[in-house]
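Here's a quick tour for anyone opening this one up for the very first time. Have the viewer ready and follow along.

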Amino acid sequence: MTALLQVENLSKVFSLRSGMFGPQRQLDALVDINLTVEPGETLAIVGESGCGKTTLGRCIVKALPATSGKVLYKPEGGEPVDLTTLRKRQMKPWRRDIRMIFQDPMSSLNPNMRVFDIVAEPLRIHKVARGRALEEKVVSVLEKVGIGAEALGRYPHAFSGGQRQRIGIARALVLEPRLIIADEAVSALDVSIQAQILNLLEDLKTDFGLTYIFISHDLSVVNYIADRVVVMYLGHVVETGPTEALFERPRHPYTELLLDALPIPDPTRRSDRKAEVKGEIPYLGNRPKGCPFVTRCRFAQDRCRNEKPALRPIPGTPLQAACHFAETIELRGAYAPADTRKLA
Amino acid sequence: MVEQGNVFDVFREPKHPYTQALMRSRPALKRKSERERLMPIRGNVPSPAQRPRGCSFAGRCPYVFQPCRDIVPARTETGPGHVARCHLLTQVPEGVEA
């Protein structure tokens, strides 16, 4: 295995019960997910709210137990380990290597802890450093994310959203991880702060040789930062491939729908929109029998209603898509045609 | 208010450096080969209690020159219905060829 992380046939079922004696129902949040994360790349996971992208991130770090499947992690110079089989204590060393950054820097930092302790806590838990060495590590990592030493004694409320996100990044970075899972890490920030954090993530990636799993619903940001993209719908991977190929000409109608819904900051291109967004994402417990996307797809045929398409490589492209008609349908990409590029 | 106008005019040709900077902060939908590093606006939004005396963007503007910090720029019409407040629209900074 050359990949840093390999997810194999991962499924997550939530059991719901209405009332104490009510019937038990099963909710398939993730269905047979396969993906690989290569060392040094940024892999984006995209999709609408409720498609399972956060659940996937959580299952990878074992914040949620997977129902079945494997999450293989390849440690530096070691053999792959299946994280799903590990007990809490066995998992601990790998928690240093795989860290998370969360969306809301307001609620992901403990309001009762000073910045110094927030960043020092992972070092203490993993007994990496103490005393003077610990102090030096904290100060140096905060400096890397652009927070000065004068901030050490302050509490999170004293900082702006962008600064809080920097503190959250410092906390993830202080253990010198190899893989960072960023769950909507820039979604709550205004455009200028978002740009600062995106630049910071890119610089840190180069400086520390990091690999990112970037979970986001914002496709402009994904286009900017990701090398490869995984598109999820109702707990399935429906399309995956290199960012540019996927944005240039997607092979799954759901990807087209997502790309089409992107606001383009050029009012003269407004009329370019064609495919209107049809319908809403169905309730997970009420998943269609065939293709999960059939209820909203403009190409839907009988076959789609009855037979679930598998994710498969599409000949002549670097993409994989789960659509019976991926070879023949003409889907619209996100980029302006090469000759009419306007507006920087 | 720093700039106001029809969506088409403001997006096609933003006249105020703040508007221009906002546009550059947002990742554009471009192919990898044309991708440019994002240019966030430097500094932070000043506190409303310490509003700058002159142009409110003076402390963060890349083109700041002598009148900016002391004199509030006038509303300047740059096209039909398109107005912006920036000294660059009415003056040329010293040492720069017009």
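A:Arg99 stands opposite A:Ile180 in strand 7 of chain A. Strand 7 covers residues 179–183, and four bridges join it to strand 6 (residues 98–101) of chain A, with the two running parallel. Strands count as paired here if DSSP finds at least two bridges between them. Keep in mind that this is a predicted model: local features need pLDDT of at least 70, side-chain atom pairs count only at pLDDT 80 or more, and totals for chains, interfaces and linings use all residues. Residues are numbered from 1 along each chain as its sequence is written, chains are lettered from A and ligands numbered from 1 in the order in which they are written, and side-chain values use heavy atoms, with hydrogens and water left out.

**Strand 7 and its neighbours**

- Helices (H or I, at least four residues) and strands (E, at least two) are DSSP runs, numbered from the N terminus.
- On its other pairing, strand 7 of chain A is joined by five bridges to strand 8 (residues 211–216) of chain A, and these two run parallel.
- One facing pair there is A:Ala182 with A:Phe214 of strand 8.
- Strand 7, helix 6 (residues 191–208) and strand 8 of chain A make a right-handed β-α-β unit; right-handed means that, with the strands pointing away from the viewer, the path from the first strand over the helix to the second runs clockwise.
- Is strand 7 of chain A mostly covered or uncovered? Mostly covered: five of its five residues are buried, where buried means under 20% relative accessible area, exposed over 50%, and partly exposed in between (1.4 Å probe, protein chains only).
- In a regular strand the side chains alternate between the two faces of the sheet.
- In strand 7 of chain A, one side has A:Leu179, A:Ile181 and A:Asp183, the other has A:Ile180 and A:Ala182, and all are buried.

**The antiparallel sheet**

- Chain A also has an open sheet of four strands in the order 2-1-4-5, with antiparallel pairing.
- Its edges are strand 2 (24–37) and strand 5 (81–82) of chain A, each pairing on one side only.
- Strand 1 (residues 5–17) and strand 4 of chain A run antiparallel and share five bridges; A:Glu8 has A:Lys70 as its bridge partner in strand 4.
- Strand 4 (residues 68–73) and strand 5 of chain A are joined by two bridges and run antiparallel, and A:Tyr73 stands opposite A:Val81 of strand 5.

**Two loop residues and a covered helix**

- A:His126 is found in the loop between helix 3 (115–125) and helix 4 (131–144) of chain A. Why does A:His126 count as buried? Because its relative accessibility is 15%.
- Leaving out residues up to four places away in sequence, A:His126 touches A:Lys92, A:Arg95, A:Arg96, A:Arg99 and A:Leu175; contact means heavy atoms within 4.5 Å.
- A:Pro65 lies in the loop between helix 1 (53–60) and strand 4 of chain A, and it's exposed, with a relative accessible area of 57%.
- Again not counting residues up to four places away in sequence, A:Pro65 touches A:Lys12 and A:Cys59.
- Helix 9 (residues 253–260) of chain A is mostly covered, with eight of its eight residues buried. They pack against strand 3 (42–46), helix 7, strand 9 (228–233), strand 10 (236–242) and helix 8 of chain A.

**Where chain A meets chain B**

- How many residues does each chain give to the contact? Chain A gives 32 and chain B gives 22.
- The area buried between chain A and chain B is about 2,600 Å², with carbon and sulfur atoms giving 54%. Buried area is the accessible area (1.4 Å probe) that two parts lose on being put together, summed over both.
- In chain A, A:Val191, A:Tyr224 and A:Pro267 lose the most area to chain B, together 21% of what that side buries.
- There are four salt bridges between chain A and chain B, a salt bridge being a side-chain nitrogen of Lys or Arg within 4 Å of a carboxyl oxygen of Asp or Glu.
- One salt bridge links the side chains of A:Asp203 and B:Arg37 (3.0 Å, N to O).
- On the side of chain A that touches chain B, helix 6 of chain A gives the largest share, nine residues.
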